[in-house]
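Subject: Structure for you to look through

Hello,

Please open the structure below and keep it on screen while you read.

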Amino acid sequence: MSIRRTPRTPVELVGAEPGPAHTIEFDGRPVPVLPGRTIAAALWADGVLAWRTTRVGGRPRGAFCGIGVCFDCLATVNGRPNQRTCLIPARPGDTVTTQEGHGRADLAV
Amino acid sequence: MLTSPSDRYDLAVVGAGPGGLAAAVTAADHGLSVALIDAGPRPGGQYYRHPAPGLGAAHPERLHHGWSVFADLSARLRAHTGQRRIGYLTGHHVWTAEPGEYWRLHATVGPGAEDAAVVEARAVLLATGAYERQLPFPGWTLPGVVTAGGAQAMLKAGLVLPGRRIVVAGSGPLLLAAASSLVAAGAEVPAIVEATDYLGYARGLPTLLGNPAKLAEGAGHGAALLRHGVRLRRTSAVVEAHGEDRVTGVTVARLDRDWRPLPGTARRIDCDAVAIGHGLIPQIELATELGADTRVTPDGAVALAVDGEQRTSLPGLWAAGEACGVGGADLAVAEGVLAAHAVSGRPAPAGVRRRRDRRRAFAELMAAAHNPGPGWTGWLTPETDVCRCEEVPAGRIREAVDDLGAGDARTVKLLTRAGMGWCQGRMCGPAVACLAGDPQARADSRPLACPVPLGQLERLAERSI
């Protein structure tokens, strides 16, 4: 039986008092972001785990290694594809879109 | 300004984790001019990863073990940067090193052709750390399946969890640390699934007794987990993750001595995330590309070979921490201090050397205890993607081996593209080598240690002509 004397969230655990949330846009809808979080962390906090579909199978993917090694968390950020969202701090007004395949459909290759 | 690329340093340290920080501040204490180069925005590396200032964390230490060590190192770093004895370069990804009387380290700092930096130093110390080893299983590409270290990293830096009910699985001491921080942060961990039986540790009793701090650390995690009702399943593995667009559960099976799943032992556990890892792999490509000697650690990974003073086989190149074999933050600090003394031409304190030797012995015991058994391939299906980037399934790799005669990872790569994608085989490399029946673990060859914009490569080529 689990005894829960500990906090219920990571923010509570470290006694965090973040600055006011800002907003980014993910696939056309607003996502609130606590200051300092990466794009991947902001999406996790919003319950989003996938923001890419693979080139071959069209399968959903999101953050896997969390440290910039695996490249699974690629997304299109402000129009630029193949960005490692686990490394990039979310800035107010950033536009993030689910990246399909290699993210270069505009090049027609 | 000391951080101008035109400056020449006595020592350049690559990596601002425990080993690199300890080396940089110790060398600066001894009067050396030091460049500390790190890819991250804040010091600490992966182990002492901590929330961005904007998150206003009053107690970051609650997510860490040994935070006071880091607090001391970072205070000394601040003092030295204030006095300009250390040039601290954040956000610098070093992609290649050129040896010479003065080494030249090439770093990328952004996507533009002009976003390049060169650091020159008489000596270089690599404290580049490690990344996690993964063994694939059906469903491991589903969203919600993350690395154990990744779950830790996202929690420590971003104060987020991938789900509420998280199965922690794989092998190695990181699982206990990850699980205890996940439960502390409010997650429910229905099980820790560990492939070994821990009996490997019992064979090294004298080494265990020589490392009471490591035992206490393990006991601390154990007590925290017990308190939260977390169940540890030994000699077991997650053999499948279930779900369509995200993970909804896993199947866990018991393993035989060789990690082969035992028929009739499968049990399902519902969860909305999985944190998985099978130990760590030293990140050493900057040195191996130049031909530095390596050694195979007892868990089959390749690490840099160093002497008693942390010297690699290349003149002027030193290494500390996980790059020399994975052994934890305490060992990394001891090795960083030793290396800095040697680079400064000073005798190292005997106590540090003893601590290094004891911790290194513990690291070797730990690696042996968690060495993956060959039977893990028994949980793959032909459709299981092994290479996540190029989406190469196990069946295609087996075809390359059985029908086309590939006998090593490199040939498999050429025939199937496994390991040829974005991550350059960092995620699938060990698994592909195992499936290929590669007889001898060897260092991966990667001319560039991280992605480099072509414009920056072009600049290097122009300069070299």
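Predicted model: local features only at pLDDT ≥ 70, side-chain atom pairs only at ≥ 80, totals over all residues.

D94(A) and R91(A) form a salt bridge, with the closest N and O atoms 3.4 Å apart.

**Other salt bridges**

Over all chains, a search of the whole structure finds 30 salt bridges. One of them joins the side chains of E120(B) and R104(B), at 2.4 Å from N to O. E120(B) sits in strand β6 (residues 116-126) of chain B, and R104(B) sits in strand β5 (residues 103-108) of chain B, so the pair ties together parts 16 residues apart in sequence. Both E120(B) and R104(B) are buried.

Now look at D330(B) and R359(B). Their side chains meet in a salt bridge of 2.6 Å, N to O. D330(B) belongs to helix α9 (residues 329-344) of chain B and R359(B) to helix α10 (residues 350-369) of chain B, so this pair ties together parts that are 29 residues apart in sequence. D330(B) is partly exposed, with a relative accessible area of 26%. R359(B) counts as buried, at 6% relative accessibility. There is also a network: salt bridges that share partners join R52(A), R61(A), D72(A) and R388(B).

**A buried asparagine**

R359(B) turns up again here. N211(B) touches R358(B), R359(B) and F362(B), leaving aside residues up to four places away in sequence. Where is N211(B)? You will find N211(B) in the loop between α6 (205-209) and α7 (212-227) of chain B. N211(B) has 1% relative accessibility, so this residue counts as buried. What lies by its side-chain polar atoms? The backbone oxygen of T207(B) is 2.8 Å from a polar atom of the N211(B) side chain. The backbone oxygen of R358(B) is 3.2 Å from a polar atom of that side chain.

**Chain A**

Chain A has 109 residues, and buried residues make up 48% of them. Its secondary structure comes to two helices and eight strands. Along the sequence the pattern is α-β-β-α-β-β-β-β-β-β. The C-alpha atoms fill a box of roughly 55 × 35 × 25 Å along the principal axes.

Three strands of chain A make an open sheet with the order β4-β3-β8 and mixed pairing. β4 (60-61) and β8 (99-100) of chain A are the edge strands, and each pairs on one side only. Strand β3 (residues 52-53) of chain A runs parallel to β8(A), and two bridges join them. R52(A), which is in the network above, stands opposite Q99(A) in β8(A).

Next comes a hairpin. Strands β5 (residues 74-77) and β6 (residues 80-84) of chain A pair in the antiparallel sense over three bridges. L74(A) stands opposite R84(A) in β6(A). The hairpin has two residues between the strands, and N78(A) takes a positive phi near 50°.

**Where the chains meet**

Two salt bridges are counted between chain A and chain B. R55(A) forms a salt bridge with E390(B), with the closest N and O atoms 3.2 Å apart. Across the interface, 20 residue pairs are in polar contact.

**Two helices of chain B**

Helix α3 (residues 148-158) of chain B is mostly covered: eleven of its eleven residues are buried. They pack against α1 and α2 of chain A, together with β7 (130-132), β8 (145-147), α4 (174-184) and β15 (273-278) of chain B. Just after α3(B), L159(B) takes a positive phi of about 55°.

Helix α12 (residues 409-416) of chain B has a cap at its N-terminal end. A side-chain oxygen of D408(B) lies 3.0 Å from the backbone nitrogen of R410(B). Just after α12(B), R417(B) takes a positive phi of about 75°.

Best wishes

Note on methods:
Residues numbered from 1 in each chain as written. Chains lettered and ligands numbered in written order. Heavy atoms only, no water. Pairing = 2+ DSSP bridges. Helix = DSSP H or I, 4+ residues; strand = E, 2+ residues; numbered from the N terminus. Salt bridge = Lys/Arg side-chain N within 4 Å of Asp/Glu carboxyl O. Polar contact = N/O pair within 3.5 Å; in protein donor to acceptor, adjacent residues only side chain to side chain. Buried < 20%, exposed > 50% of the residue type's maximum accessible area, 1.4 Å probe, protein only. Contact = heavy atoms within 4.5 Å.
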